[in-house]
Amino acid sequence: MNLHEYQAKELLKKYNVPVQDGFACGTVHEASEAYRQIKTLYGSNFAVVKAQIHAGGRGKGTVKETGINGVKVGKSLDDVIDIAEKLLGGTLVTIQTGPSGKVVHKILVAQDMYYDGPSPRKEFYLSILLDRSKGQNVIMYSTEGGMNIEDVAHNTPEKIFKEWVHPAGGLQSFQARKIAFNLGLSGEAFKNCTKFVTNLYNGYVALDCSMLEINPMFKAADDKIVAVDCKMNLDDNALVRHADLTSLRDTTEEDPTEVEAGKYNLNFVKLDGNVGCMVNGAGLAMATMDMIKLSGGEPANFLDVGGTANAQTVEAGFKIILKDPNVKAILINIFGGIVRCDRVAQGVIDAYNNLGNIKIPIIVRLQGTNAEEAKKLIDDSGLKVQSAILLSEAADLVKKAVA
């Protein structure tokens with residue numbers, strides 16, 4: 001589950017991680033009130049206004065309707081109001097959103113960390129994620145923080161440091177000191193960095209994050225280390241331990257079909273192809289997608305109905321797949337282990353009848369428990385549903401359907 005910057009920062013505060021102060025705003029009036037509070041708290045006329053969407057590259061991105069960047073510095077109340085008006089409701093396009101962009105429903109009006117004139121400040125990069133190849137969390141960090149971190153990783157990878165943390169032992173104090181040392185810090189900044197990294201890692205573990213990125217991690221003029229920006233992803237599988245965090249989910253930032261699939265406990269990911277597929281089991285789903293590619297088609301989705309597929313889940317899967325106008329055929333590939341193939345076949349027939357006239361070919365391959373009974377149900381249904389036994393037969397039918 002992805003979080004917005006303002007949500008992630010509020011969570012980090014609970015773990016004593018210093019963050020750039022700010023106020024989330026959904027209206028221009030709220031933005032003006034937030035600016036007044038920022039000015040009162042910090043005595044500066046400057047404030048940063050950031051679009052809140054689930055995508056990176058906001059500073060370089062632009063709003064389609066107004067041409068404004070996703071992150072702007074306001075130098076007065078009128079300036080902040082103007083920026084808010086141009087951001088809210090606009091469609092922000094960044095390198096991560098694709099050309100369609102994302103609509104900005106909220107903005108963050110925050111303190112400007114740079115307003116206090118020239119002084120020894122520095123931007124760093126730091127992130128924590130799981131290195132599956134080692135089975136350990138890894139802290140990635142660099143002296144070159146800011147908007148061009150992707151270029152740094154590509155052009156000068158030697159400037160990216162990595163520190164692996166064993167899950168049983170946790171982050172050791174010498175590792176936190178090593179990170180501060182490699183970042184070139186000393187004195188109070190060194191001490192503050194070790195505290196920052198330690199607290200950040202504790203928050204990462206306690207919140208069951210799958211990814212936590214601070215860019216920039218900022219050394220202020222007074223040697224404080226502050227999280228100026230934050231991207232946080234929570235492990236969906238661990239949300240059962242964090243019932244209070246599920247309310248932070250913003251479904252407006254997600255694909256509507258994926259949200260609908262979640263209501264039926266379907267594992268669905270939309271793709272750009274022309275063959276919809278409905279499969280039980282992630283491994284079989286991946287193999288089915290490969291088969292579609294080999295037969296000349298392109299998978300339009302990943303859809304795993306799970307091991308307890310029934311008429312309701314099959315019908316829901318049909319509805320979701322058929323919402324994609326690019327789909328020219330649907331392939332259903334079910335292995336009946338826990339689930340009985342004849343029940344799935346009946347679910348296909350019921351779904352077909354309930355949905356009415358389906359104009360695209362439907363290919364069904366059911367193998368396993370009661371597979372013969374399932375094939376007979378499909379063949380005797382009188383519906384325009386083609387059945388297959390072998391995977392190669394299903395591939396040939398797909399090939400003809402998309403030819």
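Predicted model: local features only at pLDDT ≥ 70, side-chain atom pairs only at ≥ 80, totals over all residues.
Residues are numbered from 1 along each chain as its sequence is written, and side-chain values use heavy atoms, with hydrogens and water left out.

**Stop 1: Asp208.** Select Asp208, in the loop between helix 6 and strand 11. Helices (H or I, at least four residues) and strands (E, at least two) are DSSP runs, numbered from the N terminus. Asp208 has a relative accessible area of 16%, so it is buried (under 20% relative accessible area, with a 1.4 Å probe and protein chains only).

**Stop 2: the largest nonpolar core.** Such a core is a set of buried Ala, Val, Leu, Ile, Met, Phe, Trp, Tyr and Cys residues joined through side-chain atoms within 4.5 Å. The largest has 38 residues. Select Ile139 and Met232, which have the most contacts inside it. Elements giving two or more residues to this core include helix 1 (5-13), strand 9 (136-142) and helix 6 (187-206). Helix 6 gives the largest share, seven residues. Another core, of 33 residues, lies apart from it; among its members are Phe268, Ile320, Ile358 and Ala371.

**Stop 3: helix 9.** Select residues 311-322. These twelve residues reach 16 Å from first C-alpha to last. That is close to the expected 16 Å, which is 1.5 Å times one less than the number of residues. Buried residues here include Val314, Glu315 and Phe318.

**Stop 4: Ala351.** Move to helix 10 (residues 341-355), which holds Ala351. Ala351 is buried, with a relative accessible area of 0%. Leaving aside neighbours within four places in sequence, Ala351 is in contact (heavy atoms within 4.5 Å) with Val314, Glu315 and Phe318.

**Stop 5: helix 3.** Select residues 77-87, where Val80, Ile83, Ala84 and Leu87 are buried. Look down the helix axis: these buried residues fall within an arc of 100°, so they line one face of helix 3. The arc is that of the directions from the helix axis to the C-beta atoms. Show what covers them, including helix 2 (28-42) and strand 7 (106-111). End at Gly89, which follows helix 3 and has a positive phi, near 85°.

How values were computed:
Buried < 20%, exposed > 50% of the residue type's maximum accessible area, 1.4 Å probe, protein only.
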